[in-house]
Amino acid sequence: MKNMKSTYKPILTAALAFVSAFPVMAQTDGEDEANQQAQVNAAFRQIAADDLMGGYSTVDVEELMKKNNITYSLDNMQGYVGGWNGNGMWGISDDILYLIDGVPRDRTNVKPDEIKDITFMKGAQAVILYGSRAAKGAVLITTKRGKQEDLSIKVKANTGMHVAKVYPEYLHSAEYATLYNEALANDGLAAKYSQADIYNYASKQNPYRYADVDFYSSDYIKKAYNRTDVVAEITGGNKLAKFYSNVSYYRVGDYMDFGTAKNNYTDRFDVRGNVDLHLSDYVSGFVNATATYYNAKSPAGKNYWEEATTFRPNRLVPLVPIDAIDPNARPALDLIGASSNIIDGKYFLAASEADQTNVFADYYAAGKSTWTSRQFQFDAGVNLNLEKVLKGLSFHTQISIDYATSYSQSYNNTYATYNPAWSNANGKGAIIGLTKYNEDKKSGNQNISGSTDNQTIAFNAHFDYKNTFNDDHNVNAILVANGFTQTFSGEYHKTANANLGLDIAYNYKQKYYAEAALSVVHSARLPENNRQGLSQSYTLGWNIVSNIPSYFDYIRLSASASNLKTDIGMNYYEYLGYYDTGGWWDWGGSGVTGTQAKSGPNNSLTFIERKEVSVNLKGSMFNKSVWFDLSYFTNSIEGQLIDGTNYVPIYFKTYYPETSFVSRINFNNDRRSGVDFSINGKKTVGDFELQGGLNLTYYTTEATKRDDTTVADDYQKRQGRYLDGIWGYQCLGFFKSQEEIDNSPVQKVGDTPRVGDLKYADQNNDGVIDSKDQVELGKGGWYGHPLTLGINLTAKYKNFTLFVLGTGGFGSKGVKNNSYWWSGASENKYSAAVRDRAIVKDGVITNLNDAKYPALTTGSGTNNFQTSDFWLYSTDQFNLAKVQFTYDFAEHLFENSKAVKGVSVYLSGTDLLKIARNREILEMNVGSAPQSRFYNLGVKVQF
């Protein structure tokens, strides 16, 4: 943690204060350790919780759901465990292997009410048996199973409202026209809009002639929309067979409130069945099956939220009343009379020459689309007790087959729109003519598009051995063969994983531990002579139970060293090189397209490696009422592929015609180091019970090896820099005069700068501002915030339960570089950000002390719209992620009921509050539907 900046010290101080204030904390899964599962789900097996070394974190989702109803499998899990930051684990977020019941599957397709627990496999030692594709970490989601008990039925129903947090704010037509005239004046051009035009936009005396469209008004969108779901869980069984089944349905709407979009929705129906069979003392098996059906209805046509970012307010009025047509304008009335799309019996679809179709008309008349998805998942497994062959020996195997299909079907219509010609009659004006564009046509043809057909086939088989010798020497071992293939539409090659693994663990009296794991991995992405690799991991542990302070129950110290081989980040046949069409060869007036070399061969390509060292300290205190888990990790991803341009003669590559015999080589190395920490506990006093948990994850990254051969300036070399570094220009403020521009380095980063434009620092003092002057501006947090915080609190009094969850992220930056912030140029739609522009008159900025935005222009604005610290902002935030109040009706109320055994009701709010300096930026979506807060009412009934 030596790289931790001083900015984190107050946060850690607050965390320590939190721990001191609550000497007894809550466990992440809401259970005290004595009642926890004795076993933790790990790779192909379960490990006794008392023997679990570092690199793992678990959440008992089934227990969590009793006080926190969630709708997504990994919802805010950083609030319950250390090491997971919401994006990934231990600084790695890309290519994590998500497994459901041991099979690579979509984590969004399993609902929380189906899940028993989630194991976060953070350390290399935890994932080695999964092979190459798990080298960046794995998340194992295990679904519920049946119990040996009488038939039990639980039904849960929820309904709630998503309420929009914040909308982007754009200028209305009058203000837009005024500022567009200002932009023209800045460019030395004449005004486009007259004062009469601006007055008419502002007065709204004739809003159908002088358009002022607000995409976020109640004319088009709702402030809230509903989500409703119903779930039934049925369990039971006896000694021979146990089953768990889950049947559920949900339906969720959206914000749209006009046209066919008014009926937008997404729904899902799914059925899961998990069955366990005990055929004899030596043979058992299981079968899992899941079927999921998704449908989503939406209008055909353009994307509304994307159009909202570009469609200027004065372009057109979507709907114009028919009674605005002059009664004497018979040709116009006859045109409208023939229209098939009269909205609400009184409006016609308006248009302009530039916008003969538009998103509003699309949603009224262009037709509708339905997206359909079907997913089927099947597992079958057999377990054999081989005690008669060798004491402690067993055999297990599983095969899984998944199919997922999706497609969109639509009915696409063409429609007529009308461009009105206005007169000034009657003061307000009237329509005296219409220009018609297109025709009203409904083909009746069903169009099918976007079809996908994906498949996963997975298989594993393993021998397990578990035995104790002389009461003191405990041995556990597993020998596993594992593989899976995934086929995705549009991808020629399958994603494949195959490996043979061996793990041997030994402990002496559960005090001293040693574990060694090996995995032989295979990859067809490498040359034939390099397709096998050996991954290794070694762990030592010490369960300290004596000579420690009395308030400790035990302390377990472990350390692991690992080297995993992976082909993640490699493509098929990169070792061969390849040719492609390109270039133009002219032979005396007639030419042909050439075939050009694009990459050279390299039969020395080998696996990328994850080298890691981790140390873990965990234990309990105060008679097992407080638990803590602390890990330090440092890992290095080595040998990532680059083009070896600087390691071959210059003639291996030409720029015209673009030809290259440069090979791909193993080169780049990345390091991630950090700590994660969790402390949890529970205290009961009479009828009052308090639980709490605090979780922290901190990491830093470094590019430890890069090819900086041709980089002249040290400040631009990527080696030694953050992996998620934001690179751009250092802004020195605005150009205040033409004289300042003339006496400054020449800026060649975009259009020619003018007064009111941004000025950048000349880092290399060469008198020119170009890409060589870009510097590292800060951490982008691409792998999650450098510091992640999670706090969960539960207070119970008799039948009342209050649950509160808070999450935070600190230490990263964002760049205001979307269309909302970079709107003050060209023909763009102006956002409210331009109100703080630099105002230039007679070559001088008149509001220099207040200006927070470059001067407007009708040019490209590319000088200003570059990544620089001018646009940088902090993403530090703390979120009140969840509050839920639950009441469990007293059991004695149902003593005489033959059907109902229990009832609970709960009220919850999600994403209720964000505490951040830049809250509005963080909560504002641009080009997509607004973020929302969710308020939910639910009831659970047990039969």
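**Setting up.** I am working with a predicted model, where local features need pLDDT of at least 70, side-chain atom pairs count only at pLDDT 80 or more, and totals for chains, interfaces and linings use all residues. I number residues from 1 along each chain as its sequence is written, and side-chain values use heavy atoms, without hydrogens and water.

Buried means under 20% relative accessible area, exposed over 50%, partly exposed in between (1.4 Å probe, protein chains only). This core has 72 residues, and Phe215, Tyr304 and Tyr830 have the most contacts inside it. Its largest share, seven residues, comes from helix H4 (residues 173-186). Helices (H or I, at least four residues) and strands (E, at least two) are DSSP runs, numbered from the N terminus.

**Strands.** Next I checked strand E25 (residues 552-566), where eleven of 15 residues are buried. I found E25 joined to strand E28 (residues 608-621) by 14 bridges, running antiparallel. Strands pair if DSSP finds at least two bridges between them.

**Salt bridges.** I then searched for salt bridges (a side-chain nitrogen of Lys or Arg within 4 Å of a carboxyl oxygen of Asp or Glu). The whole structure has 46. In one of them, arginine 835 meets glutamate 169, with the closest N and O atoms 2.9 Å apart. These two residues are 666 residues apart in the chain. Arginine 835 is partly exposed at 34%, and glutamate 169 is partly exposed at 40%.

Key
A nonpolar core is a set of buried Ala, Val, Leu, Ile, Met, Phe, Trp, Tyr and Cys residues joined through side-chain atoms within 4.5 Å.
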